[in-house]
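Subject: Handing over the two-chain model

Hi,

Here is the structure I promised to pass on. Have a look through it first, and then read my notes below.

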Amino acid sequence: MIEFQDISKVYQGKAGEIHALRHVNLKIRDGEIYGIIGLSGAGKSTLLSMINGLEYPSEGAVLVNGINICGLRFGELQKIRRNIGMIFQEFNLLNSKTVRHNIALPLIIAGEDKAVIRDRVDKLLQFVGLTDKAEQFPDQLSGGQKQRVGIARALVTNPSILLSDEATSALDPDTMESILDLLKRINRELGITIVMVTHQIRAVQKICNKVAVMQSGSVIEEGEVFRVFSNPQQQVTKDFVRTVVPDVITPSVCRQIRMESQENYEVLRLKFTGQNALGDLIYQVNTKFSLKTRILHATVTELNDQTLGILILQIIGKPEQIAEVEEYIREHEVQCEEVKCQYGL
Amino acid sequence: MDFNILPWGDIIEALKTTFFMVSISLFIGTILAVILAFALVLTNDGGLWENRYVFYVLNSIISLVRSLPFIILMTFIFPFTKLIVGTRIGATAALVPLVCFIVPYLARLFENSLLGVDKGIIRAAKAMGADYFQIIWYFILPEAKSSMILSITIGTISLISATAQAGTIGAGGIGDMALTYGYERMDVPVMLATIVILVVIVQSVQTLGNYFAKRARNH
C-alpha cells in the first residue's frame with residue numbers, strides 16, 4: 001500500500017514561491033493499476049517521484065508498505081528502491097551498452113551473482129519478447145522496443161511496485177496500445193502494483209482501476225475509473241473523458257435541430273451503466289408514450305470490464321409528457337440530464 | 001633527397017624525448033583532469049553534491065590557468081617546478097608545466113563530455129538504488145567514455161605542440177629539433193623531416209582516437 005498523507009511541495013522560484021503540490025491525500029492499494037492524470041505542470045510527476053524518494057515533500061508523509069520514505073537513511077532507501085521499478089518517457093537506457101547489460105544493471109549494482117543475473121535477464125527478455133535483441137544496442141531499436149527494455153530493467157529485481165512516468169507518451173498509438181497491454185499483463189500475471197502518471201486519458205481508460213485527476217498541484221477528483229468516467233464532476237475531468245468517451249452532439253447536428261425550430265422538444269443525455277447498458281429502455285419509452293424520440297448521439301465504451309453507454313435523445317412532445325418520460329427513465333436507474341443545444345455543449 | 005644527410009640518431013633521440021614528455025604528462029594530467037571535471041560537474045547547479053563555493057573556486061582556477069599561453073605559464077611557475085623536481089631545465093622539468101597546462105584544458109573538455117550525459121540516465125540510476133560512486137562508475141562514465149576519448153585525443157595533440165615550446169627550457173624533443181635545426185641553423189632538410197614526422201604523429205593520434213571513440217560508442 002502506498003499512502004500520500006497531506007503532501008505539499010514548495011519550490012523557491014525566481015518570482016517567489018511555487019506550490020508544486022498542495023495537500024495531496026491518496027491511497028493506492030496493492031494490486032491496483034492507479035492512474036494519475038493531469039495536464040503538464042499539474043504536479044503529477046513530482047508526486048510519483050516521491051514514492052521512491054527521488055523527490056521529497058515540503059510537508060506531509062509518503063508511506064510505502066507502512067514505511068515513511070522521507071525519514072530514511074540512504075541504505076534503507078536503497079533497499080526500498082530495489083523493490084520499486086521505474087520506467088520513463090525517454091526510456092533512459094545506456095546507449096553505450098547492450099540490451100542485456102541495460103536490463104542487468106539493477107542487479108549488477110546490487111552485487112548479484114553473474115550466473116543469477118544471466119538467468120534472470122534471460123527470463124525477462126523472454127517476458128517482454130526481446131530474446132533476439134539481447135546483444136543489440138538501444139539505438140538499433142524502435143521506441144516500443146526501447147520501452148520494453150526499460151520495463152524489463154524495471155522488473156529485473158522482482159519489485160512489488162512499478163512506477164510509470166509518462167511511459168507511453170513518446171510512442172505512436174499502436175505501440176502505446178501494445179505497451180499498455182504489457183503493463184496490464186505485468187499487473188495480472190506478476191501481481192505488481194502499477195502507479196502510472198500520464199496525460200493520455202486513453203492509457204487510463206484502457207488499463208487503470210483507479211484514477212486521480214490533478215490540476216495545479218491538487219487532486220481534484222479521484223476514485224474508480226468507471227465511476228469517474230461515467231460521471232465526471234470537474235471541468236478538467238470532463239474535458240479529458242470527453243476525448244475518449246464522447247458525450248456531446250456534433251455542431252452540425254446542433255445546427256440542424258435549431259434550423260428545424262421545433263417548439264416542444266427536449267434533448268436528454270442518458271448514461272447507462274452496468275446491466276442497464278444492454279436494456280430496452282428506449283423501446284419501452286417509444287411503446288408506452290405517444291411521442292417521438294430521435295437519437296442524436298450514441299456511444300458504448302468498455303471501462304475496467306464494465307460497460308458505459310451514452311445516448312443523447314431528442315424527445316418531441318408536450319412538456320408534461322416529456323416530464324413523464326424523464327421520470328420514467330430515472331425510475332430505471334439511468335442517469336438523465338437535460339442538455340441545451342448549443343455549440344460545444 | 002639523400003636520407004643519410006639527416007641526423008637519424010638525433011631524430012630518434014628527440015622522438016623518445018617527445019614520447020616521454022607527452023605520455024607522462026598525459027597520464028598524470030588525465031587522472032587529475034577526470035577528478036577535477038567530476039568535481040566541477042558534481043558541485044555545479046543541479047549536480048549530485050551541489051556546492052556553489054567549491055564550484056566557483058575550481059571554475060575560477062581553471063579559467064585563470066587556461067587563459068595563460070603555455071610559454072608564459074611555464075616561465076611563471078619556474079619556482080614551483082624547481083620545488084617539485086629539483087631543477088628548472090630539461091625534459092623532466094618540463095613535465096611540471098606540461099601537467100599544469102593540460103589538467104585544466106582536459107578538465108574543461110571532460111566537463112563538457114560529462115554534462116553531455118542525459119540527466120534522465122542519472123534519474124534512472126537513482127531509482128534503481130545506485131549510490132554516488134555507482135552512478136559515476138556504471139552510468140556516467142560508460143556514457144561519457146566516447147566523448148572523453150576524443151577529448152584526450154585533442155589534449156594529446158595540444159601536448160605535442162606544447163612540448164615544442166618546452167624546448168626553450170632545454171627539454172628537447174621533436175618540436176625543439178625543428179626549431180633549433182630549422183630555425184637557428186637553417187637546416188632545411190632536417191626541418192622538413194621533423195615537420196613530416198610531426199604531421200604523421202598528429203594524424204595517427206587523431207585516427208587512433210577516432211577509432212577508439214567509435215568503438216566506445218558501441219558498433
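Into which domains is chain A divided? There are two, domain 1 (2–232) and domain 2 (251–338), with the bounds coming from an automatic or database domain assignment.

Before I go on, some housekeeping. This is a predicted model, where local features need pLDDT of at least 70 and side-chain atom pairs count only at pLDDT 80 or more, while totals for chains, interfaces and linings use all residues. Residues are numbered from 1 along each chain as its sequence is written, and chains are lettered from A and ligands numbered from 1 in the order in which they are written.

**The two domains of chain A**

The C-alpha centres of domain 1 and domain 2 of chain A are 41 Å apart. Where they touch, seven residues of domain 1 of chain A are in contact with seven of domain 2 of chain A (contact means that the C-beta atoms, placed from the backbone, lie within 7 Å). On the domain 1 side, helix 8 (residues 225–230) of chain A gives the most, with four residues. (Helices, H or I with at least four residues, and strands, E with at least two, are DSSP runs numbered from the N terminus.) That side of domain 1 of chain A holds three nonpolar, four polar and no charged residues. For the classes, Ala, Val, Leu, Ile, Met, Phe, Trp, Tyr, Cys and Pro count as nonpolar, Asp, Glu, Lys and Arg as charged, and the others, Gly among them, as polar.

**Sheets in chain A**

One open sheet has four strands in the order 2-1-4-5 (chain A), paired antiparallel (two strands pair if DSSP finds at least two bridges between them). Strand 2 (16–28) and strand 5 (67–68) of chain A are at the edges with a single partner strand each, so one side of each has no neighbour in the sheet.

Going through the pairs:

- Strand 1 (residues 2–13) of chain A is joined to strand 2 of chain A by nine bridges, and A:I7 sits opposite A:V24. These two strands form a hairpin with two residues between them.
- Strand 1 of chain A also pairs with strand 4 of chain A, over five antiparallel bridges, with A:F4 opposite A:V62.
- Strand 4 (residues 59–64) of chain A is linked to strand 5 of chain A by two bridges, and A:L63 has A:N68 as its bridge partner.

A further open sheet of four strands runs in the order 12-13-11-14 (chain A), again with antiparallel pairing. Here the edges are strand 12 (292–303) and strand 14 (335–338) of chain A, each with a single partner strand, so one side of each is left without a neighbour in the sheet. From one strand to the next, the twist averages 15°. Strand 11 (residues 265–273) and strand 13 (residues 306–316) of chain A pair antiparallel over nine bridges, and A:V267 is opposite A:Q314.

**A helix pair in chain A**

Helix 3 (residues 99–109) and helix 4 (residues 114–128) of chain A pack at about 130°, with axes 10 Å apart. (Axes are lines fitted to C-alpha atoms, for helices over the stretch in contact, and angles run from 0 to 180 degrees between N-to-C directions.) That makes helix 3 of chain A oblique to helix 4 of chain A; angles under 35 degrees count as roughly parallel, over 145 as roughly antiparallel, 65 to 115 as roughly perpendicular and the rest as oblique. Residues in this contact include A:I103 and A:L107 of helix 3 of chain A and A:V121 and A:L124 of helix 4 of chain A. By class, the contact has eight nonpolar, no polar and two charged residues.

Chain B has nine helices and zero strands, and its C-alpha trace spans about 65 × 45 × 25 Å along its principal axes. Helix 1 (residues 8–43) of chain B packs against helix 7 of chain B at about 140°, with axes 9 Å apart, which makes the two oblique. Among the residues in that contact are B:M21 and B:L26 of helix 1 of chain B and B:I152 and B:L159 of helix 7 of chain B. The contact has nine nonpolar, six polar and no charged residues.

Between the chains, the contact takes 22 residues from chain B and 18 from chain A. Helix 6 (119–127), helix 7 (132–166) and helix 9 (188–217) of chain B are the elements giving two or more residues to the chain B side. Helix 7 of chain B gives the most, with seven residues. By class, the chain B side has nine nonpolar, six polar and seven charged residues.

Cheers

Notes. Contact = placed C-beta atoms within 7 Å.
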